[in-house]
Number of protein chains: 2
Amino acid sequence: MELVKIYQCLCDRTRLRLLHLLSQGPLCVCHFQEILREPQVKISKHLAYLRERELVQCERQANWMIYALPAKPSRELAANLACLQDCAQEDASFQRDLARLKKLAPKMAESSPCGCATTTRG
Amino acid sequence: MELVKIYQCLCDRTRLRLLHLLSQGPLCVCHFQEILREPQVKISKHLAYLRERELVQCERQANWMIYALPAKPSRELAANLACLQDCAQEDASFQRDLARLKKLAPKMAESSPCGCATTTRG
DNA sequence: TAACAATATACTCCTTGCGGTATATGCCAT
DNA sequence: ATGGCATATACCGCAAGGAGTATATTGTTA
């Protein structure tokens, strides 16, 4: 069942944070790292998990992999992502992620292709 | 995070079916057995899983355990249960469960305390 | 009190998932 | 081609989860 697959993706805190951020728009791995403050391998593996199950898409831009939500999500996925957005509004850690994303926005605008050039590694 | 716990409960097909049925009202274990057509131990263990995580409540009535959704679900749980109801409308297996539940309704009304007396074991 | 019905738990086997370390891959610049 | 950066994958250890079999528990009835 499609629905079970979706919930399997949602039942990890890191993946929830990734999907929540992606609802704001596409992001590359190094931005996830900066926002979540988790090791690269952890983020990369969770993104792979989501990618294999088609909850996210990705596209290469030079050195960077840009991840995004599917262009045409199923009704079930859309419903659950909307529900997640709703629930995230009450949760401090999701809001903290959002705040960090906003801080990154100027950097993302100024440098190419996604602002990753100015990223400092962790 | 409360939300992760909810998704962990939702990420199994059997548990989804249980919760979907409970959205229609309380049920006892033997009715779940009849509707899902799964072995008693499987149903009982999944109900225990949900109970430990407080996604369902239960109450004894003589020999029978009556399970129900929490009287005051958290906002997150309510949102996700509503989302599940929405998604279930498009899914044949959920609808089949619902149909079987309707068939049970007359039996449930006639015998006490929950209609289980007339149940035939499988 | 003994038998029975409904449900729960213990135990085992097997698979999946998560985190970490180390290493590989792909693209770019020199 | 070489080195560096961003990202992915392989491998390991461990914990959790799911299914099945057997058995225990709790309440009812005779």
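**How the chains and the DNA strand meet**

In this predicted model, 19 residues of chain B are in contact with 19 residues of chain A, contact being counted where C-beta atoms, placed from the backbone, lie within 7 Å. On the side of chain B that touches chain A, α1 (2-10), α2 (13-22) and α5 (75-88) of chain B each supply at least two residues. Helices here are DSSP runs of H or I with at least four residues, strands are runs of E with at least two, and both are numbered from the N terminus. The largest share of that side, 7 residues, belongs to α5(B). By residue type, the side of chain B that touches chain A holds 10 nonpolar, 2 polar and 7 charged residues. Nonpolar covers Ala, Val, Leu, Ile, Met, Phe, Trp, Tyr, Cys and Pro, charged covers Asp, Glu, Lys and Arg, and the others, Gly among them, are polar.

Next comes the DNA. Around DNA strand C there are 26 residues, of which A:Asp12, B:Val29, B:Cys30, B:Ser44 and B:Met65 come nearest; a residue is near if its C-beta atom, placed from the backbone, lies within 6 Å of the strand. α4(B) gives the most to this surface, with 6 residues.

Chain B also has an open sheet of 3 strands in the order β1-β3-β2, paired antiparallel, where pairing requires at least two DSSP bridges. Its edge strands are β1 (27-28) and β2 (57-61). B:Leu27 stands opposite B:Tyr67 in β3(B).

Residues are numbered from 1 along each chain as its sequence is written, while chains are lettered from A and ligands numbered from 1 in the order in which they are written. Local features need pLDDT of at least 70 and side-chain atom pairs count only at pLDDT 80 or more, whereas totals for chains, interfaces and linings use all residues.

Key: Two residues are in contact if their C-beta atoms, placed from the backbone, lie within 7 Å.
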